[in-house]
Amino acid sequence: MTEIKEFLDKYVNADLVRILISNARSTDTPGKLQVRPVPVKGEIQYQVTSIQGTKAIHANYEKEALISYLTEQMEKNFRQMQLEGRNVQGRVLVSKKGKMDIKAREIKGKGKEDFAPMLSHNRTKKYLLKEGVPVPWLIDLGVMTPEGKIKNSRYDKFKQLNRYLEFIQDILPKLPKGREIRIIDFGCGKSYLTFAMYYYLRELKHYDIRVTGLDLKADVIEKCQRLADQYGYDRLKFQQGDIASYEGADQVDMVVTLHACDTATDFALAKAVKWGASVILSVPCCQHELNRQVENETLAPILEYGILKERFAALLTDGLRAQMLKSAGYDTQILEFISMEHTPKNLLIRAVKNENRKEDIKQRMAWENCMQAFHAEPTLKRLLFEDIH
């Protein structure tokens, strides 16, 4: 393996952009390895990401250790390597008989700037939150350095924040015009997304908004309010309280509920409908209610397995929620919030008020029949169609 060591020794340097190792020889090894340089305490190290299924494991190496590790992997576990640097593109192929073919092509002139991103850390995407522009709340929440650089360990959070803002960008035309827009974030938690929403709408888009974040944890609320005051976000207020009993508003234009647990999501959705909110954004979590109820003779062999029953009950819960919101006068979608590799709680219900939507008896009968088929009685049905508000 002298040739590959010499190849790597020559091109693993300050100009390296990325390495992809693939074509595993066995299903017992990771499906692929990805390598990229990362700054660690002022020094360059090389982060190896092992990918097997939906799992990604990271480890950092210094140059010599990396070369030894990659050489061994190519000798025992993989047949293909692609290397890209600012001045070179190279590849290594290993035949079934162990013969190695190494090629490298130097890049000159304009081609140096024509790099097509290959690995998962695609930093050329145009995000609504800009890299390189320091944002106080991103710095204090540990996502960004004071210089505006996104921390490697928090890049997934940065992408999640931007994905969330893309959903908000899509619904801007649906929000009221010519007056203050009232927004409530139920179950705001540490408020990454609450701060992102406020910053985007108020600081970047200059919307006339007032945002309230509500959560049960007093210490979390206290910290979030302290940060909001520190940044001068005078139209962002945090309150301690329970979603089900919240009575702090008579009219709300947008309701956000992200990872509110189990039936807390139902109470938030019901309040949004009661207020006639123009937009609802909900990422449900911990759908236990129907998991305890669901029964179906035809699916009994499948529902016998706890993990399958749990996932089915979660899908049934959110599908029924979306259908009930349709019956309440909303155009609804169920969208992927972030990639499944980051969290299984990745579905977002987006509902937009449609004043022209007429009562659809067939649509309501369809979801009521579905409920009966699985012996399900969701809280949201009681709140929207049985309780008197």
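The predictor's confidence in each residue is expressed as pLDDT, on a scale from 0 to 100, and helices (H or I, at least four residues) and strands (E, at least two) are DSSP runs, numbered from the N terminus. The structure is a predicted model, in which local features need pLDDT of at least 70 and side-chain atom pairs count only at pLDDT 80 or more, while totals for chains, interfaces and linings use all residues. Residues are numbered from 1 along each chain as its sequence is written, and side-chain values use heavy atoms, with hydrogens and water left out.

The protein chain has a mean pLDDT of 87, and 91% of its residues reach 70 or more. Confidence in the protein chain is lowest in strand β4 (residues 55-61), with a mean of 83, and highest in helix α11 (residues 361-373), where the mean is 97. Over residues 110-124 the pLDDT is below 50, although this stretch has 37 contacts in the model beyond near neighbours in sequence, a contact being heavy atoms within 4.5 Å.

In overall architecture, the protein chain contains 12 helices and 14 strands, and its C-alpha trace spans about 80 × 55 × 40 Å along the principal axes. Of its 389 residues, 44% count as buried, where buried means under 20% relative accessible area, exposed over 50% and partly exposed in between (1.4 Å probe, protein chains only). Among contacts in the protein chain with a separation of 6 or more, 65% are accounted for by residues 24 or more positions apart.

The interior was examined in terms of nonpolar cores, each a set of buried Ala, Val, Leu, Ile, Met, Phe, Trp, Tyr and Cys residues joined through side-chain atoms within 4.5 Å. The largest nonpolar core holds 52 residues, of which W137, Y164, I168, F195, M197 and Y233 touch the most other members. Helix α5 (residues 192-204) supplies the largest share of this core, with nine residues. When residues up to four places away in sequence are not counted, I168 touches M197, Y200, L201 and L281. Another core, of 36 residues, lies apart from the largest one and has A272, W275, V294 and A351 among its members. In helix α12 (residues 379-386), the buried residues are T379, L380, K381, L383 and L384, and their cover includes α7 (264-275), α8 (288-293), α10 and α11.

A search of the whole structure finds 18 salt bridges, each defined as a side-chain nitrogen of Lys or Arg within 4 Å of a carboxyl oxygen of Asp or Glu. One of them joins the side chains of R163 and E166 at 3.2 Å, N to O, and both residues lie in helix α4 (residues 155-171), three residues apart, about one turn of the helix. R163 counts as partly exposed because its relative accessibility is 32%, whereas E166, at 18%, counts as buried.

R179 forms a salt bridge with D253, and their closest N and O atoms are 2.6 Å apart. Because R179 lies in the loop between α4 and β8 (181-186) and D253 in the loop between β10 (236-240) and β11 (254-261), the pair ties together parts that are 74 residues apart in sequence. A further salt bridge links R321 with D266, the closest N and O atoms being 2.9 Å apart. R321 lies in helix α10 and D266 in helix α7, so this pair ties together parts that are 55 residues apart in sequence. Both R321 and D266 are buried. Salt bridges that share partners also join E180, D208, R210 and R235 into one network.
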